[in-house]
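Trainee: I am new to this structure. Please take me through one part of it closely.

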Amino acid sequence: MFDDKFLEELKKRQEEWLETRVKKALSKAPERKREFKTFSGIPVKPFYTPNDVKDLDYFSDIAFPGEYPYTSGIYPLMYRSRLYTMRQYTGWGTAEETNRRWKYLLAHGETGLSAAFDLPTQLGYDPDHPLAKGEVGKVGCSISNISEYELLYQDISMDKISVHLQVNATAPFIVAMHIAEADRRGVPRDRIWGACQNEILKEFVARGTFIYPVEHSMRLACDLMEFCVKQMPRWQPITVCQYHIQEAGADFVTAMGLSFANAISYVEAMLKRGLPIDSFAFNISVWNCVCAPEFFEVICGLRAARRLWARIMKDRFGAKNPRSCMMRIFVGSGGLHLTRAEPLNNIIRITLSSLAAALAGVQAQNMQCYDEAFAIPTEESMRIALRTMQIVAYESGVTDVIDPLAGSYFVESLTNEVEKKLKEIIQAVEDEGGAIEAIRKGWMQRLIAKQAYEQQKRIEEKDIIRIGENLFAVERGERLESVFKVSPEVEEQVIERLEKFKASRDKRQVEETLAKLQRAAETGENTMPYIIDAVKAKATLGEMCERLVQVFGRAEEMVVW
Amino acid sequence: MGEKKIKVLIAKPGLDGHDRGAKVVATALKEAGMEVIYTGRFKKPDEIVSLALKEKVDVIGLSILSGTHMYWSKEIMRKLREAGADIPVILGGIVLDDETPVLKEEIGIAEVFPPGSKLQDIVKRVEELAKR
């Protein structure tokens, strides 16, 4: 983008500047840190010039919004026509309580839903299972059958408002309930709008809600993806997760690289089923990322990720449809940089996250709440998080210009650096035999655990700063006046309802549909139609999961640290 | 003969999958010269107690981030009492300020480490508890 003579002259003058001005300044006052680097360890220079981006090609490296490789954004007008979707991860207790909170948020201007399920629901245990004791309704809402799902969705449209079902190992069962409820209402399947997480590989490396051994888990995830791309064009049947890998300990760039390796495994598994790349690529190119703690690294990282994914889809997988190369991004602000000390300061941290996400051109945001380090959010803290996204969207003006930081020497240079690093990480995973093999060997888990420990040490050595916690810390942080507590009656209530539900069904029909599901699992047929039938026949989540455990067995955790 | 190594069991009861804290603390204790066993996820109180007895550990550390710490702490302390074991138990997780006195005075947890706790403080407290 610059001519050689100019670059030569620039280089000469910059060297002079370093030798004279900078040297003199350093002799008067040294720099604050021995080395300046991003959160992921990429060195940062004091100043950037055209020489740092001299090989950049405008058309092939940045391009117009809505054009390959989508560095600036996947749509031509981005937020000028439609703002990012604001969807808060919400759910606790019973289906009705969650439904009420959803409506509260929608009434305050939320534009999408994001469903949180409790751990028994995520791990396939009905609330009356001995292992569910104490966990029912705690970190999400309890959903064990279709009648609960009806309550969860009461008076909420399934085609006018999109939902993101944050569930993985049990995604096929929960999505089947979603489909069954849509069928009951007469919403055509090609109108159902939303997404599910269904990202089982990162459960093995980071988050821990896995049920079946990895190869069988992959098969179920792909059954769900294949079913949805064929019947539900407005459904994103997987969300590739950088988010949980970073929250488990990896730095931003490592987590993104590992998530790319996982994504490549899903694409390969779908191709192996004989599906052409352009038949599914758009629907499964959806990411969930952490947008924090560092402003520029995140913005550049998301730009780099968009560009690299487009290149991988085109060059490696031969995608022809431009839509196949569009990476859609849903970000959360993450919980790890939020502090327990002086919790109101978290509102400011979350504002920076939301601003960075807007500058990075993401499709949807979920901002954590300031009381994250205490409990699940109160109505008030949830509203403030929603208001934060709205203030950034409507008051700051950053949503009026697409990719406003494009062309900054620093931003473009860091974008290049991140892309380079991502390629290295993807290559390192391939050298281990690909994502699934790297997970089987514990390679990814070990890398994440190592980085988690290093990060904690960096915090304690004040290399990573947390104001109020490790710098300018007061003896004791402010306390919160009100902290959310889940009602202790939830468990009893949902168990009682489950008993009534079970008493109301035709047992023979339940058994028949479960037997058919088991056969499909054994023969390799797509399990989704059978899961939907079982859900409609009133089989419970626990019953369906257990049937598949009989076929696939349970995964043993590989304890690596 | 050198001093006997302190032996610690780090355990994750219940269905909570967040194991970052458990692994980071396990690594810190190991680096401080202790022998550390980490159970992995989804452990039942019985499994934790019998492993602690079998391995003759000096301290048990529980890591719980799903808001179920009151329930699991009670269960595990009860099982330990039933087994006649007097092993100090520490807890790391999202514990509320008003729960800490209940955990320590009523349930019998020796120490509570909420988010923001320092590794050196955890190491120090484990050393004290092991020498009791």
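In which sense do strand β1 (residues 7-11) of chain B and β2(B) pair, and over how many bridges?

Mentor: First, the ground rules. This is a predicted model, where local features need pLDDT of at least 70, side-chain atom pairs count only at pLDDT 80 or more, and totals for chains, interfaces and linings use all residues. Residues are numbered from 1 along each chain as its sequence is written, while chains are lettered from A and ligands numbered from 1 in the order in which they are written.

Now the strands. β1(B) and β2(B) pair in the parallel sense, over four bridges. Strands pair if DSSP finds at least two bridges between them. Strands are DSSP E runs of at least two residues, helices H or I runs of at least four, numbered from the N terminus. B:Leu9 has B:Ile37 in β2(B) as its bridge partner.

Look at β2(B), residues 35-38. B:Val36 and B:Tyr38 form its covered face. B:Glu35 and B:Ile37 form the uncovered one.

β1(B), α1 (residues 20-31) of chain B and β2(B) make a right-handed β-α-β unit. Right-handed means that, with the strands pointing away from the viewer, the path from the first strand over the helix to the second runs clockwise.

Finally, look across to chain A. 31 residues of chain A are in contact with 26 residues of chain B. Contact means C-beta atoms, placed from the backbone, within 7 Å. On the chain A side, α17(A) gives the largest share, five residues.

How values were computed: Contact = placed C-beta atoms within 7 Å. Buried ≥ 20, exposed ≤ 12 C-beta atoms within 10 Å, placed from the backbone.
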